[in-house]
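Open the structure in your viewer and keep the selection tool ready. The tour goes stop by stop.

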Amino acid sequence: MPEQQAAQSGLDLLPVGRLEEAAAAVTARVDALRAAAAGQALRADGLEGQVAALEQQLAVAEARLAVETMHSAGLTAQASHLLAVAVEAGLPAMQELVGEDGAGGMPKGRLARIYDEAFDARGAELGIEAPGRFRVP
């Protein structure tokens, strides 16, 4: 019992009003921190959505770049072939070079085949499966 009386008399000496004020201030600060954390979580969620959208845009841009790179390879191969043909003494018939598109039953011309082969080769180098599906007819 003497310990209980000593503890009670110690409590009587504490300024209860100041303790209540301190507890209220701590509670208000905790509430403010919780609100700030909730705001940060909302901003983080928004940023995650933006990152996902940007990653998707980047994937589309990379795919378009790959197709354009393959197209460039096909055109470069055609141009190289034309330069080589021009240097040769016996220029082949223009129909043999140009030909038809292959859709009308006529075989593709040499330039179209050269383009297709270079396009597909570049696509394979880029790791694209079945790159011919991206060729413009």
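**Stop 1**

Select Asp116, which sits in helix α4. This is a predicted model. Asp116 has a relative accessible area of 12%, so it counts as buried. Show its contacts beyond four places in sequence: Lys108 and Arg135.

**Stop 2: the salt bridges**

Now select Arg135. It forms a salt bridge with Asp116, with the closest N and O atoms 3.6 Å apart. Arg135 lies in the segment after α4 and Asp116 in helix α4, so the pair ties together parts 19 residues apart in sequence.

Arg135 is partly exposed at 23%, and Asp120 is partly exposed at 24%.

Move to Glu125 and Arg122. Their side chains form a salt bridge at 3.2 Å, N to O. Both residues lie in helix α4, three residues apart, about one turn of the helix. Glu125 is exposed at 61%, while Arg122 is partly exposed at 31%. Shared partners join Asp116, Asp120 and Arg135 into one salt-bridge network. The whole structure has three salt bridges.

**Stop 3: the nonpolar core**

Which residues make up the largest nonpolar core? Select Ala66, Met70, Tyr115, Phe119 and Ile128. Helices α2 (16-87) and α4 (110-125) each give two or more residues to this core. Beyond four places in sequence, Ala66 contacts Leu126 and Ile128.

**Stop 4: Gln78**

Finish on Gln78, in helix α2. Gln78 is buried, at 19% relative accessible area. Its contacts beyond four places in sequence are Leu111, Ala112, Ile114 and Tyr115.

Technical notes. Residues are numbered from 1 along each chain as its sequence is written. This is a predicted model: local features need pLDDT of at least 70, side-chain atom pairs count only at pLDDT 80 or more; totals for chains, interfaces and linings use all residues. Side-chain values use heavy atoms; hydrogens and water are left out. A nonpolar core is a set of buried Ala, Val, Leu, Ile, Met, Phe, Trp, Tyr and Cys residues joined through side-chain atoms within 4.5 Å. Buried means under 20% relative accessible area, exposed over 50%, partly exposed in between (1.4 Å probe, protein chains only). Helices (H or I, at least four residues) and strands (E, at least two) are DSSP runs, numbered from the N terminus. Contact means heavy atoms within 4.5 Å. A salt bridge is a side-chain nitrogen of Lys or Arg within 4 Å of a carboxyl oxygen of Asp or Glu.
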